[in-house]
Each structure stands twice: as C-alpha cells, then as structure tokens.
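Good morning, and thank you for making time for this presentation. May I ask you to look at the sequence and the structure before we discuss them.

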Amino acid sequence: MTDLIKGFIDLFLHLDQHLSQIITDYGFWTYLILFLIIFVETGLVIMPFLPGDSLLFAAGTFAALGSLNLGLLILLLFIAAFLGDTLNYFIGNFIGPKVFSKDYRFLKKEHLVKTQQFYEKHGGKTIIFARFMPIIRTFAPFIAGVGTMNYKKFISYNIIGGILWVAGFTLLGYLFGNIPTVKKNFTLVIFGIILLSITPPLIEYLKSKFSKKTVA
C-alpha cells in the first residue's frame, strides 16, 4: 500500500516526465492510455484519485510540441469523459439509495453525503461544476444516478461539462504549458491546478462548518 501511495505521488509530481516517457514508448497508443485514465477516473466511483485536470493540462502541453494531435486529443478525451460519467450514472442508478444505508469497502460515505449536499444545492448544474472538482467529479454522476435524475437532462449537462472541462484544461496546456517559466516550474503549476480545483469544495466545507457553529 505504501509503494502504491508513493507511486501516485510520484505520478502527480512528475506528470510531464511520465507522459513524455509514455509517448516515447507507446506512440499512437498514448491516446488509448489517456482515454482509459480519463474514462476510469470519471466512470468508476472507487477511482477518484487518478489525475484529471493536471493530466489534461500536461497532454495539451505535449500537443503544442507536436507530440500529440490537439483535435484528436480533445475529441477522444471528451468521449472518455462523457462515457465515464454515463457509466457512473447507471452504476448509481442500479445500486440506488441503499448506498447511503450501509458502508462499502471502496466507497466513503462522507464523500457521498458531501456530493449529495452539493447536488441538492446546485441541482443539475452540479454535473457541470463537478467536472472541475476532484473527488466530487467522480461522485456527482453516481449521485445523479442514485437520485434518479432524468437521463435526458443528465446527458445535456454531461455534454456541456465534458466539453468545458476537457477542452478548457487541454487548451490551457496547449497555450501556456511550454512558456519557459511554466516549463521550469511545471510541478508547481500542477500543484496550482490541483489547489484551484479543490478550492470550491473546500470553501463549501468551511461555510457549512462555520454555519453549524453559528447555529449551535
């Protein structure tokens, strides 16, 4: 378990080096590897820790260097994100509300409850907002399925959120990833992206924490 944790930390800290090695070793198959990572991160509720935002940014950076095709990259990763959320929705729909009644080994009830509260506050737009929030991104479509959100409505939010998320972060990497200062401090940039991503749910958490204290 310790080696696994160290491996994930190393993946996040040296994402640019790992992606460069993957492109060198696997060439065109890199698209499939990136597709699977995005699909699994958004499609399996037990895998919320995989890199999402930072991976898209790094992929865009390599697209600017000509190592990857920008248009193909965005198209494939959007499809991966769309299919991932769709799978997650149907898993949640299949399991149903009983998921809140007992603890599962690979599901943290705390994350489910927090996502449900966020969902109740923002409604269907949560599917769009959640794309930009680690952890919540993986749990939001699952909760939508558990809550039997209308599937047609879910699809529309899924498409909009997927396009904004994939195109947004990939283009950011494409436009800014190879600026000398950014390249020199790539690890710090990735940390910045992660920090920005977790800020909204952190603010929501602090608000709820302080509001409870005020009521008490």
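Predicted model: local features only at pLDDT ≥ 70, side-chain atom pairs only at ≥ 80, totals over all residues.

Let me begin with a question: does Asp53 count as buried or exposed? At 4% relative accessibility, Asp53 counts as buried. By buried I mean under 20% relative accessible area, by exposed over 50%, and by partly exposed anything in between, with a 1.4 Å probe and protein chains only.

Residues are numbered from 1 along each chain as its sequence is written, and side-chain values use heavy atoms, with hydrogens and water left out.

Now the overall picture. The protein chain contains 11 helices and 0 strands, and its pattern along the sequence reads α-α-α-α-α-α-α-α-α-α-α. Helices (H or I, at least four residues) and strands (E, at least two) are DSSP runs, numbered from the N terminus. Of the 216 residues in the protein chain, 39% are buried. The chain exposes about 11800 Å², of which carbon and sulfur atoms supply 69%; these areas come from the Shrake-Rupley method with a 1.4 Å probe, and for residues only the protein chains shown count as cover. Among contacts with a separation of 6 or more, 79% involve residues 24 or more positions apart, where contact means heavy atoms within 4.5 Å.

I turn next to the nonpolar interior. A nonpolar core is a set of buried Ala, Val, Leu, Ile, Met, Phe, Trp, Tyr and Cys residues joined through side-chain atoms within 4.5 Å. The largest such core has 26 residues, and the members that touch the most others are Leu34, Ile38, Leu68 and Leu73. At least two residues of this core come from each of helix H2 (15-26), helix H3 (30-43), helix H4 (53-64), helix H5 (70-95), helix H9 (151-176) and helix H11 (186-215). H4 provides the largest share, 7 residues. Apart from this core lies another, of 9 residues, including Ile127, Ala130, Ile136 and Ala144.

Leaving aside neighbours within four places in sequence, Leu34 is in contact with Leu19, Leu55, Ala59, Leu68, Leu73 and Leu77. Leu19 lies in helix H2 and counts as buried at 3% relative accessibility. With the same exclusion of neighbours within four places, Leu19 is in contact with Thr30, Leu34, Ala58, Ala59 and Phe62. Leu19 and Phe62 are 43 residues apart in sequence, yet 8.5 Å apart in space, C-alpha to C-alpha.

Let us move to the charged groups. Side chains of opposite charge can pair when their charged atoms come close. How many salt bridges does a search of the whole structure find? The search finds 3, a salt bridge being a side-chain nitrogen of Lys or Arg within 4 Å of a carboxyl oxygen of Asp or Glu.

In one of them, the side chains of Glu41 and Arg137 meet at 3.0 Å, N to O. Glu41 lies in helix H3 and Arg137 in helix H8 (residues 136-146), so this pair ties together parts that are 96 residues apart in sequence. Asp53 also forms a salt bridge with Arg137, with the closest N and O atoms 3.0 Å apart. Because Asp53 lies in helix H4 and Arg137 in helix H8, this pair ties together parts 84 residues apart in sequence. Glu41 and Arg137 are both buried, and the relative accessible area of Arg137 is 2%.

The remaining pair is Asp85 and Arg131, whose closest N and O atoms are 3.3 Å apart in a salt bridge. Asp85 lies in helix H5 and Arg131 in the loop between helix H7 (126-129) and H8, so the pair ties together parts that are 46 residues apart in sequence. Asp85 is buried, with a relative accessible area of 1%, and Arg131 counts as buried at 1% relative accessibility.

H9 has 26 residues and reaches 37 Å from its first C-alpha to its last, close to the 38 Å expected at 1.5 Å a residue; the expected span is 1.5 Å times one less than the number of residues. Among the buried residues of H9 are Phe154, Asn158, Trp165 and Phe169.
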